[in-house]
Amino acid sequence: MRLQVLEDYEEMSVKAASIVASQVTLKPDSNLGLATGSTPLGMYNNLIKMYKKNLINFKEVVTFNLDEYVGLPADHPQSYHYYMFDNFFDKVNIPPEKIYIPSGVGDDLKQICKKYDQSINSHGGIDLQVLGIGKNGHIGFNEPDNKLRTNTHVVKLTEETINDNSRFFDSIDDVPKKAISMGMSSIMKSKKILLLASGEQKAEAIKKAINGEITTEHPASLLQLHSDVIILVDKNAAKLLATTNT
Ligand code: F6R
């Protein structure tokens, strides 16, 4: 694991965008794994700026999102589909047919999950997977448990995650209780992983991910088993780490 502690959220976001840009420059047809939530917003903004300055071209890129809420259609403002188009896809040149996000709506969610994995595999897997981290150590929506799922699956969200994500909804009752998430296998099979965390509220999760026991009760700790992980954190998220840069 390579850790870099950046001064603040903006520096972290600029650095994250530069890593994605390098990936796309070196391999224009990269398969990018993408995350939603507050953390990568700055990274997306910086990538959009680079695109507008002709510093990056996404025309051959394929994207796979980590997750989607069950029950929210693509045009629901809180769906991850909506988030991705609003914050990124509508502002860059990724061809729509190269964008993959699991649908949270359908009669046969199991089939949706299966097809999603098939799409990832048929494209040869993910080259660079961007991850945020939950306060409880979740990555994607792989929640702490005594067992983890390998493939894309329907997951019951924990109370903590529902609470954390209620900030995006009018009321906590509106937060979906389930999501579709890529499993640990697709994440761990990614050639490179870029984990981002900002703010003191993530300090404990980051400490356990980097220095803690490797356990399914803290899914991000499994990243210790991956050979190419870059972790970018701001100073606040690094607060509980003994060393600053490794
Ligand atoms: C989102 C995702 C989640 C978030 C995590 C952190 O696609 O997979 O694991 O990365 O919940 O969310 P934020 O960045 O909002 O703190």
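Let's start with helix H2, which covers residues 41-52: its twelve residues reach 17 Å from the first C-alpha to the last, close to the 16 Å expected at 1.5 Å a residue. Keep in mind that this is a predicted model.

**Inside helix H2**

- Which residues of H2 are buried? They are Gly-42, Met-43, Tyr-44, Asn-46, Leu-47 and Ile-48.

**Where H1 crosses H2**

- The axes of H1 and H2 come within 8 Å and cross at roughly 55 degrees.
- With that angle, the two helices H1 and H2 are oblique to each other.
- If you want the handedness too, the crossing of H1 and H2 is right-handed.
- On the H1 side, the residues that meet H2 are Tyr-9, Glu-10, Ser-13, Val-14, Ala-16, Ala-17, Val-20 and Ala-21. Their partners in H2 are Leu-41, Gly-42, Met-43, Asn-46, Leu-47 and Met-50.
- Sorted by class, this H1 and H2 contact has ten nonpolar, three polar and one charged residues.

**Where H3 meets H2**

- The axes of H2 and H3 come within 10 Å, and they cross at roughly 35 degrees.
- In this contact, Leu-41, Tyr-44 and Ile-48 of H2 meet Tyr-83, Met-84 and Asn-87 of H3.
- Sorted by class, the H2 and H3 contact has five nonpolar residues, one polar residue and no charged residues.

- Asn-54 follows H2 and sits in the loop between H2 and strand E3 (62-65).
- What's curious about the phi of Asn-54? It is positive, at about 65 degrees, although Asn-54 is not a glycine.
- Is Asn-54 buried or exposed? Its relative accessibility is 70%, so Asn-54 counts as exposed.

- Gln-23 belongs to helix H1.
- Why does Gln-23 count as buried? Its relative accessibility is 13%, and buried means under 20%.
- Leaving aside neighbours within four places in sequence, Gln-23 is in contact with Ser-30, Leu-32, Asp-127, Leu-128 and Lys-192.

- Lys-208 lies in helix H7, which runs over residues 203-211.
- At 39% relative accessibility, Lys-208 counts as partly exposed.
- Lys-208 and Ala-220 are twelve residues apart along the chain, and their C-alpha atoms are separated by 8.1 Å.
- Apart from neighbours within four places in sequence, Lys-208 is in contact with His-218, Ser-221 and Gln-224.
- Lys-239 is found in the segment after strand E10 (229-234).
- Lys-239 has 48% relative accessibility, so Lys-239 counts as partly exposed.
- How many residues apart along the chain are Lys-239 and Lys-207? They are 32 residues apart, with 8.6 Å between their C-alpha atoms.
- Setting aside neighbours within four places in sequence, Lys-239 is in contact with Glu-200 and Ala-203.

How values were computed
Residues numbered from 1 in each chain as written. Predicted model: local features only at pLDDT ≥ 70, side-chain atom pairs only at ≥ 80, totals over all residues. Heavy atoms only, no water. Helix = DSSP H or I, 4+ residues; strand = E, 2+ residues; numbered from the N terminus. Expected span 1.5 Å × (residues − 1). Buried < 20%, exposed > 50% of the residue type's maximum accessible area, 1.4 Å probe, protein only. Axes fitted to C-alpha atoms, helices over the stretch in contact; angles between N-to-C directions. Parallel < 35°, antiparallel > 145°, perpendicular 65-115°, else oblique. Left-handed = near helix turned anticlockwise from the far one by under 90°. Contact = heavy atoms within 4.5 Å. Nonpolar A, V, L, I, M, F, W, Y, C, P; charged D, E, K, R; others polar.
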